[in-house]
Amino acid sequence: MNRILIGAQWGDEGKGKIIDVLARKSDIIVRYQGGNNAGHTVKFDDEKFILHLIPSGILHSNKTCVIGNGVVLDPEAFFKEVDVLESRQIRVQGRLLVSEQAHLLFPHHRLMDQMREGALQRKHVIGTTKRGIGPCYADKIARTGIRIVDLKNPGYFKERLKAVLHEKNQVLQKIYGHKGYSFPKVYQEFIKHRKRLLLFAADTPKFLYQASRKKKNILFEGAQGTMLDVDHGTYPFVTSSNATVGGAITGSGVSPTLIDSVIGVVKAYTTRVGEGPLPTQFPPALMKIVQKQGEEFGATTGRPRRCGWFDAVVTRYAARINGLDEMSVMKLDVLSGLKELKIAVAYKIHGKVVEDYPSSTYELQAAKPVYETMKGWNEDLSSVERWKDLPKNARKYLKRLEKLLGVPIKIVSIGSKRAQTIFL
Ligand code: IMP
């Protein structure tokens, strides 16, 4: 059984926990897009782990993990994560394969990310994680990127880095007034990582193909979310990779014919970190309550996430783009105590009711949600174990979401611990 797990909102849906639940039933767990901009929080044996690049499946000692070709890899961040895990007695080497086709993220990518954001007019700022993700993908598409496989041949790597750095330094000096990078310094830094990195490098598309021929169960764990997808999200307020289902295919080299199901993860409300439209954003007082109750602070940057009502326009769109077979609804417990709950079922844009997600961010910025209101519940959900023990209004709320999206809910999460999960 090969499954793809996708964030169906703006990321931070709580995928880490579901990945952990599904990883138990999988043999191989694959990351296929993004980089260390992601932050998956997992509670494992009462210990908290935040993973950025390495699939959370690594916490299970008998699983193999893969970082696919679609990921951009910052060696410094990667080894920091490996070292933290190994210091906590989680063996990584020998259990994690990194695609030799994955692109390397260099210090100049990080700097360029910061400089670009810093130079933009306020309304154009994206609010990136400043990890260099956008500039690294830009180089990949411009064909000026450097891949892990290039490190196999130091002469070739040297030649390529020299040419690339020459151009980057010109841009840094002439546009941003930065002194640029010394080639020998960057070269030495990467050569220092070379040997260790190559221990992880592999032909991962072939590995995954062979594994699926042997009927191994593969879980593809998405990072970020549908609305941050560079093609289908709220462009330009997006990340630079395909966080939708197609990203799992190109980013791993596995054919779509080998995929059995696509699972969407949504939060019972909506959050967004970084800039860009969020039509259902709460008024400030309610935002404070939900931010606190839901601990809505970014796992990578610590920034507070903006929060809002559940947006069925967004999630219906995500269900369609990703062809979701089933859904997991996270953090239902956070909504306990609210007298009433709203769900956006359409938008009003310049006086017209629109049911489909608009492609134009300009229009989206003008969108006013059309809400349906439902009754809330007061009960604490944290120890509920069965569907039938959920408060009636909570069940009604979930049933309404299911109807609006046309996708069955299979998992409801009511707390960060693994036990706080209701399977349907
Ligand atoms: P970048 O991916 O660092 O370029 O950031 C682009 C946008 O994606 C910003 O709005 C970030 O806040 C957002 N973003 C990137 N990674 C994540 C994530 O893992 N969760 C939520 N938002 C993210």
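Modeller: A helix here is a DSSP run of H or I with at least four residues, and helices are numbered from the N terminus. The model is predicted. Take the second largest pocket. Its volume is about 380 Å³. The lining has 17 residues, and those nearest the centre are N36, H52, A77, K80 and E81. Two elements, β4 (47-51) and α2 (75-87), each give two or more residues to that lining. The largest share is from α2, with six residues. By class, the lining holds eight charged, six nonpolar and three polar residues. Domain 1 (2-100 + 202-263) and domain 2 (103-198) both contribute to the lining, so the pocket lies between them.

Now the aromatic context. The model has twelve aromatic pairs. In one, Y347 and Y357 have ring centres 6.2 Å apart and planes at 65°; over 60 counts as edge-to-face, so this pair is edge-to-face. Y347 sits in strand β16 (residues 340-349), and Y357 in the loop between β17 (352-354) and α11 (361-366). Both Y347 and Y357 are buried. W377 and Y397 form a tilted pair, 6.1 Å centre to centre, with 55° between the planes. W377 is in the loop between β18 (368-375) and α12 (392-405), while Y397 is in helix α12, so the pair ties together parts 20 residues apart in sequence. Buried means under 20% relative accessible area. W377 is at 4%, so W377 is buried. Y397 is at 1%, so Y397 is buried too. Ring pairs also link F106, F157, F183, Y187 and F190 into a cluster.

Note on methods:
Residues are numbered from 1 along each chain as its sequence is written. This is a predicted model: local features need pLDDT of at least 70, side-chain atom pairs count only at pLDDT 80 or more; totals for chains, interfaces and linings use all residues. Side-chain values use heavy atoms; hydrogens and water are left out. On a 1 Å grid over the protein atoms alone, a cavity is a set of points where a 1.4 Å probe fits but cannot get out, and a pocket is an open set with protein on both sides within 12 Å along at least five of seven lines; lining residues have an atom within 4 Å of a point. Grid points are joined across faces, edges and corners, and a volume is the space filled by probe spheres set on the points. Ala, Val, Leu, Ile, Met, Phe, Trp, Tyr, Cys and Pro count as nonpolar, Asp, Glu, Lys and Arg as charged, and the others, Gly among them, as polar. Domain bounds come from an automatic or database domain assignment. Rings of Phe, Tyr and Trp (its six-membered ring) pair if their centres lie within 6.5 Å; planes under 30 degrees apart count as stacked, over 60 as edge-to-face and the rest as tilted. Buried means under 20% relative accessible area, exposed over 50%, partly exposed in between (1.4 Å probe, protein chains only).
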